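This report covers selected helix and strand features of one model. The structure comes first, followed by the description.

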Amino acid sequence: MITTVKPTHSLEIKELLKFTDRKFRSERGTYLFQEGMLAEELYIIISGKVQISKITSDGRELSLRICGENDICGELTLFTNDPKYLLSAKILEEGEVVAIKKDFIESEIFQNSKLAFEFMKWMSDHFRKTQTKFRDLVLNGKRGALFSTLIRMSNSYGIHKENEILIDLPLTNQELANFCGTSRESTNRILSDLKKDNIISVKKGKISIMNLQYLKDEIGCENCPAVYCSIE
């Protein structure tokens with residue numbers, strides 16, 4: 001039996017789609033926006049995947065989440081005095097995106113109580129996910145950060161098979177390292193150890209987890225609901 005795990009989204013996307021300003025195709029390797037650019041729009045991902053990241057003070061890239069179908073990005077610019085994007089949004093997989101004017105959404109949230117309520121719920125979930133991710137990065141060291149990232153990816157993109165969970169998301173070791181705040185070399189070593197111990201396997205650039213419980217035990221996993229323990 002094969003099943004796919006996909007956390008649900010609390011924000012009623014249909015409410016936002018009413019205010020679409022434009023729709024366009026996204027191309028792999030391009031950016032929806034980059035850190036420091038003037039923020040004029042929010043984006044809803046209709047299809048494809050978008051990586052949200054931050055450049056640290058020492059020049060390293062820290063990947064924070066991957067946006068997929070019905071996800072929103074650019075939301076941190078709402079109701080701020082400095083209307084610039086705080087993060088960058090890079091296209092990982094081409095697809096379709098809709099844009100909504102930031103000023104229009106701000107105005108609509110003030111007037112539309114249903115939209116305001118749904119947006120507040122969504123933001124609350126979003127901040128909780130971010131908080132637990134940084135907790136894992138800070139408290140569990142390099143190995144724990146990678147283990148936590150693999151667990152989150154299995155919740156977001158895992159396809160459960162008989163004896164494994166296939167993470168249906170092709171990533172290079174550098175891209176995986178960016179999610180953990182570690183170097184590619186450290187990530188290579190840890191993945192190599194996990195493969196040797198038959199905890200994971202790697203085929204065609206995709207990781208399969210053979211022993212999820214091992215990863216959870218190593219970081220003292222609290223078994224949070226998948227909606228919070230995700231990479232999205």
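At what angle do the axes of helix H3 and helix H4 cross? The model is predicted: local features need pLDDT of at least 70 and side-chain atom pairs pLDDT 80 or more, while totals for chains, interfaces and linings use all residues. Residues are numbered from 1 along each chain as its sequence is written, and side-chain values use heavy atoms, without hydrogens and water.

The H3 and H4 axes cross at roughly 150° and come within 7 Å. Axes are lines fitted to C-alpha atoms, for helices over the stretch in contact, with angles from 0 to 180 degrees between N-to-C directions. Helices (H or I, at least four residues) and strands (E, at least two) are DSSP runs, numbered from the N terminus.

| Element | Residues |
|---|---|
| Helix H3 | 113-139 |
| Helix H4 | 141-157 |

Residues in contact (heavy atoms within 4.5 Å) include Lys 129 and Asp 136 of H3 and Ala 145 and Arg 152 of H4.

Strand S5 (residues 49-55) pairs with S6 in the antiparallel sense over six bridges; pairing requires at least two DSSP bridges. Ile 52 is opposite Arg 65 in S6. Five residues separate the strands of this hairpin, where Gly 59 has a positive phi near 90°.

Six of the seven residues of S6 (residues 61-67) are buried, so the strand is largely enclosed by the rest of the structure. Buried means under 20% relative accessible area (1.4 Å probe, protein chains only).

Asp 71 sits in the loop between S6 and strand S7 (72-73). Asp 71 has 6% relative accessibility and therefore counts as buried. A polar atom of the Asp 71 side chain lies 2.7 Å from the backbone nitrogen of Gly 68.

Methods
Buried < 20%, exposed > 50% of the residue type's maximum accessible area, 1.4 Å probe, protein only. Polar contact = N/O pair within 3.5 Å; in protein donor to acceptor, adjacent residues only side chain to side chain.
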